[in-house]
Amino acid sequence: MLNINNLKASIGDKDILKGVSLSINKGEVHALMGPNGSGKSTLAYVLSGKDKYEVNEGTVDFKGKNLLNMNVEERANNGLFLAFQYPMEIPGVQTSFFLRTAINAKRKFNNLPELDALEFAKLLKLKAQELNINSDMLKRDLNVDYSGGEKKKQEILQLSMLNPDLAILDETDSGLDIDALRIVSEGVNKARNKENSFLVITHYQRLLNYIKPDFVHIIADGKIVKSGDYSLALELEDQGYEKMAKA
Ligand SMILES: Nc1ncnc2c1ncn2[C@@H]1O[C@H](COP(=O)(O)OP(=O)(O)OP(=O)(O)O)[C@@H](O)[C@H]1O
Ligand SMILES: [Mg+2]
């Protein structure tokens, strides 16, 4: 699915990613953990194609294609999805309109017929109910004045509507109350199947109790310093980053 090899990226003259290598196969869930400022969000942004980052070295292969040659839209249309650590507010764009536009753009790209208003409304109602999202929220402008947790839920709603091949979740758990954490995790688990993959960025092992990862990676100072299975997250919770990153 995704093959990152020796990826180096910078912003201005600051090197942030210093040789990241990571492979994610179909059907796998990988967790990425690491101290503040270690480059987790940067990796997510570079993969999603945000333009302020410069890739200086390395390759990224996504479903057999060179991801780095694609623009943001092409990446999304090809099945990549990023749930942001800080979701954007988009005044003037109703949430349901945004979702419909996003879904139909992807369907069009994949030579599928667009969903008509009724089909879309049905799907949206179903998915919103699963995530316990009130239908009034969907009439409001995208993320505008949503609470922190509501924005995170909205990201998972987009995910479950779009059905990406690879979803990157950047701290989707932060700011969620206990019930929302469970609901969001259930949403992710429902979206999970043998054909798709997830990269879950988190600080807390708690989320990984709900979304059981196949692999856990620790990133420190722009490099993956340790990889293992779920037990690595438990070890980390126990020992903290400083010890683990050096070990
Ligand atoms: N525009 C920028 N100019 C200079 N430095 C930047 C810029 N954007 C990011 N950085 C730096 O890059 C480093 C990595 O940031 P990044 O957001 O990837 O960290 P992170 O691992 O996601 O941290 P957190 O756990 O706090 O979310 C940080 O030191 C940050 O200050
Ligand atoms: Mg971050």
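A crossing of two helices is left-handed if the near helix is turned anticlockwise from the far one by less than a right angle, and right-handed if clockwise. Helices (H or I, at least four residues) and strands (E, at least two) are DSSP runs, numbered from the N terminus.

The model is predicted: local features need pLDDT of at least 70, side-chain atom pairs count only at pLDDT 80 or more, and totals for chains, interfaces and linings use all residues. Residues are numbered from 1 along each chain as its sequence is written, while chains are lettered from A and ligands numbered from 1 in the order in which they are written.

**Exercise 1. Describe the packing of H4 on H6: which angle, which hand and which residues?**

Step 1. Two packed helices are described by the angle between their axes and the distance between the axes. Axes are lines fitted to C-alpha atoms, for helices over the stretch in contact, and angles run from 0 to 180 degrees between N-to-C directions. Helix H4 (residues 117-130) meets helix H6 (residues 148-162) at an angle of about 130°, and their axes are 10 Å apart.

Step 2. This angle makes H4 oblique to H6. The classes are: under 35 degrees roughly parallel, over 145 roughly antiparallel, 65 to 115 roughly perpendicular, and the rest oblique.

Step 3. H4 and H6 cross in the right-handed sense.

Step 4. Leu123, Leu124, Lys127 and Ala128 of H4 make the contact with Leu157, Ser160 and Met161 of H6. Residues are in contact if their C-beta atoms, placed from the backbone, lie within 7 Å.

Step 5. By class, the residues of this contact are five nonpolar, one polar and one charged. Here Ala, Val, Leu, Ile, Met, Phe, Trp, Tyr, Cys and Pro count as nonpolar, Asp, Glu, Lys and Arg as charged, and the others, Gly among them, as polar.

**Exercise 2. At what angles does H6 pack with H7 and with H3?**

Step 1. For H6 and helix H7 (residues 178-191) the angle is about 15°, with the axes 10 Å apart. H6 is therefore roughly parallel to H7.

Step 2. The crossing of H6 and H7 is left-handed. On the H6 side the contact uses Gly149, Lys152, Lys153, Ile156, Leu159 and Ser160, and on the H7 side Ala180, Val184, Gly187, Val188 and Ala191. These residues divide into six nonpolar, three polar and two charged.

Step 3. Helix H3 (residues 95-109) and H6 cross at roughly 30°, their axes coming within 10 Å. The crossing of H3 with H6 is right-handed.

Step 4. From H3, Thr95, Leu99, Ala102, Ile103 and Lys106 meet Gln154, Gln158, Met161 and Leu162 of H6. Five nonpolar, three polar and one charged residue make up the contact of H3 with H6.

**Exercise 3. What is the strand order of the open sheet of four strands, and why is one side of E2 and of E5 left without a neighbour?**

Step 1. The order is E2-E1-E4-E5, and the pairing is antiparallel. Two strands pair if DSSP finds at least two bridges between them.

Step 2. Strand E2 (14-24) and strand E5 (65-66) are at the edges and have a single partner strand each, so one side of each lacks a neighbour in the sheet.

Step 3. E1 and E2 pair over eight bridges in the antiparallel sense. They form a hairpin with two residues between them, and Gly12 in the turn has a positive phi of about 55°. Ser10 is opposite Asp15 in E2.

Step 4. Strand E1 (residues 2-11) is joined to strand E4 (residues 54-62) by seven bridges. Asn3 has Asp61 as its bridge partner in E4, and Ser23 stands opposite Asn3 in E2. Ala9 faces Val55 in E4.

Step 5. Helix H1 (residues 40-48) lies across E1, E2 and E4, at about 75° to E2.

Technical notes. Two residues are in contact if their C-beta atoms, placed from the backbone, lie within 7 Å.
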